[in-house]
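Hi everyone, thanks for making time for this one. Please bring up the structure on your screens, and I'll talk you through a few places in it.

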Amino acid sequence: MSRKRNKKGVIKTVIVIALSFTISLLWENRKTANSNPLIPIAPVGNPPPNLLKPPKLKTSPSPPVTEAPKPPQQPLVFAPPAQFRSQIVYKASINNSKVIALTFDDGPSPETLKILEILQKHQVVGTFFCLGANLREYPEIAKRVVQAGNAIGNHSWHHYSHNVTEKTASDEIDNTGVHIYRSTGAKSFLFRPPGGRLNNGLADYAKKKNYVVVMWSIDPKDFLQPPAAAIARSVLSQATSGAIVLLHDGGGNRQQTVEALSAIIPKLKQQGYRFVTVPQLLQMQAGQKQRIANQKSP
Ligand SMILES: [Zn+2]
C-alpha cells in the first residue's frame with residue numbers, strides 16, 4: 001500500500017513540476033518577446049512621405065460631379081442679315097463710321113499662317129474664303145483662322161472657271177461647306193465665286209442656297225505678286241468706308257501681301273478705319289438702314 005501511495009505521490013510531484021516548468025517557460029517567452037534587443041526599433045521622427053498619405057479607402061467610385069447644366073452650344077454661323085441672302089454685294093453702304101473688310105482667297109495654306117500673324121499683331125480680323133481641297137489638306141489652319149476671330153467663307157472646291165452643271169456646282173459648294181464645318185465647327189453662308197465669275201453656274205447655285213455672293217470693291221491684284229508697296233498703294237488710294245478688299249492667302253508665296261498689310265493696316269487705322277469681317281460689315285449696313293427706317297416712321 002505504502003509503495004502504491006508513494007508511486008502516486010511521485011507522479012503528482014512530476015506533474016506539478018512539469019506544469020510549473022511549462023508556465024515559467026511561457027512567462028519567460030512573453031518577457032523576452034517584449035524586450036528582445038535584437039528587434040530594431042525605428043527611430044521616432046518624420047515618417048517617409050508615402051506613409052503620410054491617408055490609406056486608400058476601398059469604396060465604390062464617387063458619383064460623377066454634377067455641374068450646372070450648360071446651355072446647348074450653338075454652332076458658329078457666318079451668315080448675312082436676311083436682306084443680303086441670295087444677293088451679290090461688292091461693298092457696303094456705311095456712312096456713319098469708317099470700316100473696311102479685308103478678304104483673303106484660295107487658302108487655307110501655310111501662307112495663311114503668315115497672314116494670321118500679321119492680323120493678330122495689329123489686332124484686326126478679316127474674312128477667309130477657302131477652297132474645299134485646301135480645307136481637306138489643312139483643317140488645322142482653317143480652325144486657327146476661326147479661333148482667331150476671323151470669318152470663314154466658301155470659295156468652292158476646285159476653283160473652276162468653266163461652266164458647270166448644277167450637280168457639279170452642288171458638289172463644289174456643298175462639299176466645301178461640309179469641310180468648313182468639319183475643320184472649324186462653323187457654318188458659312190458667304191460665297192466668293194472663283195475668279196469673280198458670276199455666270200458659270202456656281203454663283204447661281206450659291207444664291208439658290210441662300211448664300212450671299214461676296215465680290216469686292218478693291219483689287220490690288222496681289223495674286224500677281226507685285227511689290228508690296230504697289231499693293232499697299234492700290235489699297236490705300238481706293239479705301240472708302242464699307243469697302244471690301246480682295247487679297248490672297250493661297251495660290252503661291254504671299255510675302256508681298258504680308259508686307260503690304262504691315263503698311264496698310266497701321267495707315268488705315270491712323271485714318272480712323274476699323275477692320276471688320278464681311279458679316280459684321282453687312283450687319284452694320286443692315287443696322288444703319290433699320291435706324292433710318294425707324295427715324296422716318298412717324
Ligand atoms: Zn480664288
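Predicted model: local features only at pLDDT ≥ 70, side-chain atom pairs only at ≥ 80, totals over all residues.

Let's start with how helix 3 and helix 5 cross: the crossing is left-handed. Helix 3 covers residues 110–121 and helix 5 covers residues 139–147, and their axes come within 9 Å and cross at roughly 20°. Angles under 35 degrees count as roughly parallel, so helix 3 and helix 5 fall into that class.

Which residues make this contact? From helix 3 you have Pro110, Thr112, Leu113 and Leu116, and from helix 5 come Ile141, Arg144 and Val145. Sorted by class, the contact of helix 3 with helix 5 has 5 nonpolar residues, 1 polar and 1 charged.

Now stay on helix 3, please, and look for helix 9, residues 255–270. Helix 3 and helix 9 pack at an angle of about 10°, and their axes are 10 Å apart. That pair is therefore roughly parallel as well. On the helix 3 side, the contact is made by Glu111, Lys114, Ile115, Ile118 and Leu119. Helix 9 brings Gln255, Thr257, Val258, Leu261, Ser262 and Ile265 to the contact. By class, this contact of helix 3 with helix 9 divides into 6 nonpolar, 3 polar and 2 charged residues.

Next, let's walk along the chain on either side of helix 3. In the loop between strand 3, residues 99–107, and helix 3 you will find Pro108. The peptide bond from Gly107 to Pro108 is cis, with omega near -5°. So much for that side; now the other loop. Gln123 sits between helix 3 and strand 4, which spans 127–130. Its phi is near 55°, a positive value in a residue other than glycine. Is Gln123 buried or exposed? Gln123 is exposed, because its relative accessible area is 73%, and the cut-off for exposed is over 50%.

Which residues are the protein donors of the zinc ion? They are Asp106 through OD, His155 through NE2 and His159 through NE2, lying 2.0 to 2.1 Å from the zinc ion. If you like to search by pattern, the spacing of these donor residues in sequence is D-x48-H-x3-H.

His155 counts as buried because its relative accessibility is 1%. His159, with 28% relative accessibility, counts as partly exposed. You will find His159 in the loop between strand 5, residues 151–154, and helix 6, residues 166–184.

Finally, zoom out to the whole chain with me. The secondary structure comes to 10 helices and 10 strands. How many of the 298 residues count as buried? The share is 39%. As for the contacts with a separation of 6 or more, 79% of them are between residues 24 or more positions apart.

That's my tour, so over to you for questions.

Definitions and conventions. Residues numbered from 1 in each chain as written. Heavy atoms only, no water. Donors = N, O, S within 2.8 Å, 3.2 Å for Na, K, Ca; no water. Buried < 20%, exposed > 50% of the residue type's maximum accessible area, 1.4 Å probe, protein only. Axes fitted to C-alpha atoms, helices over the stretch in contact; angles between N-to-C directions. Helix = DSSP H or I, 4+ residues; strand = E, 2+ residues; numbered from the N terminus. Parallel < 35°, antiparallel > 145°, perpendicular 65-115°, else oblique. Left-handed = near helix turned anticlockwise from the far one by under 90°. Contact = heavy atoms within 4.5 Å. Nonpolar A, V, L, I, M, F, W, Y, C, P; charged D, E, K, R; others polar.
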